[in-house]
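Subject: A structure for you to look at

Hello,

Here is the structure I promised to pass on. Please open it first, and then read my notes below.

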Amino acid sequence: MGEKEYQNSGRRTGMPGGSHGRHPGGEKAKDFVGIWKKLLGYCRKYFAFFVIAIVCSAIGTVLTLIGPDKLSELTDTIAEGITPPSTSIDMERVLAIGLTLISFYLLSYLLSAIQGWIMSTVTQRVSKAMRSDISKKINRLPMWFYNRTTTGDVLSRVTNDVDTIGQSLNHSIGNMVSAVILFVGSLVMMLKTNGWMTLTAALASFLGFVLMFSIMGKSQKYFTRQQKHLGEINGHIEEIYSGHTVVKAYNGEDEAQRVFDRMNNNLCESGFKAQCLSGLMMPIMGFIGNLGYVAVCVVGGAMALSGKISFGVIVAFMMYVRYFTQPLSQIAQAVQSLQSAGAAGERVFEFLEAEEMEAEEGKISVLDHVEGNVEFEHVRFGYEDSDATVIYDFSAKAKAGQKIAIVGPTGAGKTTLVNLLMRFHEIQGGKIRIDGTPTNLMTREAVHSLFCMVLQDTWLFEGSVRENLVYNNEDVDEEKIKEACRAVGLDHFIRTLPQGYDTVLNDQVNLSQGQKQQLTIARAMIANKPMLILDQQIQTAMDQLMENRTSFVIAHRLSTIKNANLILVLKDGDIIESGTHEALLDRGGFYAELYNSQFETAG
């Protein structure tokens, strides 16, 4: 699936009230049959188990269908025994028929239990595999995808949509098979028993078919809409919760609540319509079933009084009518469940089939003896979903060990430049070289392995302090960990924690923003990579981290980069000035204006 299909599927705006997973149209599954072909194709490795489960369901249903015929025989045997001139009931025959019935029902129960166990096992494995595939897919998607899709919407696909598919596979397929067999089998058995009474029951149930297909035709779009609105509200809640401090600081609670109320109303409306239409099925099927009972009793009673049928036939037909009408509601529920799963499957496969990053077979996986020389050579770049060029013609050289400061107004392309250096995005023209090797000839992992990143937005996961410090680095010496923490001034604080370096960082352990930044700086020291990217207000305490490393600093306060070896001044995607701090000030150009304006603002 191409990127254009995702352009409106939810853009993270970083602001309350932004877009949250909305996309135009799509109220109905694009291809219901096609989606289920994909779902069944996804489950093909479990095909044999599905067949066994279906066979068990079919045999169990057939045994259930034989029951009324035996019950009719039992009723007639008893009736013959109490009807003159007979004076006794054939108890041996009654016992034999009774034991046969019990054995049929027990075997039917056993087969149904086996079918349920197989389906539960298979569907849980399918759900597990689907969640695993989504997790792997997340790592193969390009960065532009996450600029358009909220985290909550992705989570909704992993949890709600996969769960909906699993439940549907578990219940709907087996129920559908048994319901169809029960319906067709009961019709055959009724025809075999008595044609006129079969016609009576069929006419009474015909109305059920008409209503069932009418409701099914109207309900699909609401099930699809319900899944979409659920993804939207999950995305909004995740975004507002993660940014609740900003929401409060800017008094955005009312706006956030307004957006939530609108999404909640949409979900409530679509959910109500879907469930309301679904809820109509049981009462309608109950009415049709009762109507069938009445019709069979009236017609059967008249025929029994005229001697055309026995009372055993009426008893059998009472059960057959139930078997004949009951599958209608089961089929309706199964189809609705399949519709809901189709809507969920559409969202899951839309994600799994999203355009991935370019394959990298044959590219350089390891760059040996890296010194840290970096060269930008006529780099040109524009975002994937836009025709606009962000960086037009960017050229610069950074020698190993130098501190390169990147400055410029908001939107000048500072962060974009770093993202290109890390190969988070692909350039449209020019080259970026590390020690003479173009980064597009290296795997992304190889590029990433050369850089440490310390960003303003610190990222910590729920794990011990030690696990956060050595993230994705194995066999790190304990002394190296403590040395890094001492260097950033964090060691004393960690030793005051209940379990020291083994303390788990969770809601009960409150770290200040400064301590979080210290921890991420220590993490970068421990990783000890040849190059460094910093996106924060640099303090002198960072000098040790930058020592002997090629460092790219996204500068927010120009006073912190006076000692940079090279300052790149960006404006509108191009380097308009470059040089040392003193040289740029002497030139009296754009950098000098920026520098002086910061001090004027501070004053």
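How many bridges join strand 1 (residues 374–381) to strand 4 (residues 429–434), and do they run parallel or antiparallel? Five bridges join them, and the two strands run antiparallel. Strands here are DSSP runs of E with at least two residues, helices are runs of H or I with at least four, and both are numbered from the N terminus. Two strands pair if DSSP finds at least two bridges between them.

A word on the source: this is a predicted model, in which local features need pLDDT of at least 70 and side-chain atom pairs count only at pLDDT 80 or more, while totals for chains, interfaces and linings use all residues. Residues are numbered from 1 along each chain as its sequence is written, and side-chain values use heavy atoms, with hydrogens and water left out.

Back to strand 4: the bridge partner of F376 there is I432. Strand 4 also pairs with strand 5 (residues 437–438), in the antiparallel sense over two bridges, and I434 stands opposite T437. Two residues lie between the strands of this hairpin, where D435 takes a positive phi near 50 degrees.

There is also an open sheet of six strands, in the order 6-7-8-3-9-10, with mixed pairing. Strand 6 (451–455) and strand 10 (574–579) stand at the edges with a single partner strand each, so one side of each is left without a neighbour in the sheet. Within this sheet, strand 3 (residues 403–407) and strand 8 (residues 550–554) pair in the parallel sense over four bridges, with V553 as the bridge partner of A405.

Now the chain as a whole. It holds 19 helices and 10 strands, and its C-alpha atoms fill a box of roughly 125 × 50 × 50 Å along the principal axes. Of the 603 residues, 46% are buried (under 20% relative accessible area, with a 1.4 Å probe and protein chains only).

Finally, have a look at the lining of the second largest pocket. A pocket is an open set of points on a 1 Å grid over the protein atoms alone, where a 1.4 Å probe fits, with protein on both sides within 12 Å along at least five of seven lines; lining residues have an atom within 4 Å of a point. This one is lined by 21 residues, and S57, T61, S112, N175 and S178 lie nearest its centre. Helix 5 (151–193) gives the most to the lining, with seven residues.

Enjoy exploring!

Technical notes. Buried means under 20% relative accessible area, exposed over 50%, partly exposed in between (1.4 Å probe, protein chains only).
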